[in-house]
Amino acid sequence: MEKNIMMEDLAAIILNYNTWAESISCANSIIKHYPSATIYIVDNASTKKMTNEFQSFINVENKVNFIQGKENNGYSAGNNIGIKEAISNNHKFIMICNSDICFIDNSLDKMIEFLKINNKCGIVGPQIYDVDDIFQPFYMMCKLDFTGRWKQIISHIPLLNIISKSFVNRFIEYHEITKPIKAFSVSGCCFIMNNNTARLLYPLDENTFLYEEEHIIGSVMEKNNKEVYIIPDTHIIHAHGISTNGMTPFSYMCKVNSEQYYMKQYLKSSKFQMFIIYKLRCFVYYSKSLTNKNYKNYKKEFKNGTKNWRRKWKV
């Protein structure tokens, strides 16, 4: 459904998958805090029928454009549909946004203003809080290479986690910030990029269905000497899990597969390094299956799915 689009400075892309009510709330939050924004809601081939409420919403809201995706090929593929529209309509700034996001105060204004006055910055991310308004740590403060990945994995294993303490402190910012900080990448749940950066990143790599998208974006930004920042005095609420349904066994398999792809294509890791990380991830999965019925019942699919993926990418 294409409407008359004025070339305002911000295009907001909301990726919807069975989250019709959340997409309405997210769009209303954007409209409230940045009325001039043009909103593109991309449906990633939802399996649940569009609600009457959502149909009425897009019929009434002139600044909201609905785009129906033909199939669900993941986060990057869905967002590429919206990015393509935003680039073709020459918006100055383009925001990627999960459907379970709510904006507080003038966060959008601050993010766009930061991009306007900092020419070296291509992407800016906000401070993120959960539904209880508790600050969520920033991940990806530095690049997660092979060493970082195995340290990150063992950081969740009692007794072994002491080995990774120094790395984790460099990789994660646990506290609210008082000044802009440079990061390797930002959370994929919400960030704004300028038009030049969008053209650089487009199309987002569609070889990952879920996970590692932020790391890929960070790698592309690093390769092209573009800067990424998280800025203070911003506040968004992210209802983690509503748009992704949490870390299901399928999600964990996607995480493992995407990680293997990223290590091969972007980190240029050796097969030995990739094998070590793969086995560590398998150890975590099978440990979870001891106490989690869903993980236990999905073991065969996990084993076949990850092996087939590694065979596909010859790792």
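Start with the largest cavity: its lining has three nonpolar, one polar and two charged residues. On classes: Ala, Val, Leu, Ile, Met, Phe, Trp, Tyr, Cys and Pro count as nonpolar, Asp, Glu, Lys and Arg as charged, and the others, Gly among them, as polar. The lining residues are S76, L204, D205, E213, I216 and I217. Helix α8 (residues 213-223) gives the most, with three residues.

Some ground rules. This is a predicted model; local features need pLDDT of at least 70, side-chain atom pairs count only at pLDDT 80 or more, and totals for chains, interfaces and linings use all residues. Numbering runs from 1 along each chain as its sequence is written, and side-chain values use heavy atoms, with hydrogens and water left out.

Helices (H or I, at least four residues) and strands (E, at least two) are DSSP runs, numbered from the N terminus. A cavity, on a 1 Å grid over the protein atoms alone, is a set of points where a 1.4 Å probe fits but cannot get out; a pocket is an open set with protein on both sides within 12 Å along at least five of seven lines; lining residues have an atom within 4 Å of a point. Grid points are joined across faces, edges and corners, and a volume is the space filled by probe spheres set on the points.

How much space lies in the largest cavity? About 30 Å³. The second largest pocket holds about 180 Å³. Its lining counts 14 residues, with N207, F209, C254, N257 and W309 nearest the centre. Helix α9 gives the most to that lining, five residues.

Now helix α3, residues 75-88. Its 14 residues should span 20 Å at 1.5 Å a residue, and the end C-alpha atoms are 20 Å apart, so the two agree. The expected span is 1.5 Å times one less than the number of residues. Of the 14 residues, 10 are buried, meaning under 20% relative accessible area with a 1.4 Å probe, protein chains only. S76, from the cavity lining, is one of the buried residues.

Last, aromatics. There are 19 pairs. Rings of Phe, Tyr and Trp (its six-membered ring) pair if their centres lie within 6.5 Å; planes under 30 degrees apart count as stacked, over 60 as edge-to-face, the rest as tilted. Y252 and Y285 sit 5.8 Å apart by ring centres, with planes at 45°, so that pair is tilted. Y252 is in α9 and Y285 in α10, so the pair ties together parts 33 residues apart in sequence. Both Y252 and Y285 are buried.

Definitions and conventions
Buried means under 20% relative accessible area, exposed over 50%, partly exposed in between (1.4 Å probe, protein chains only).
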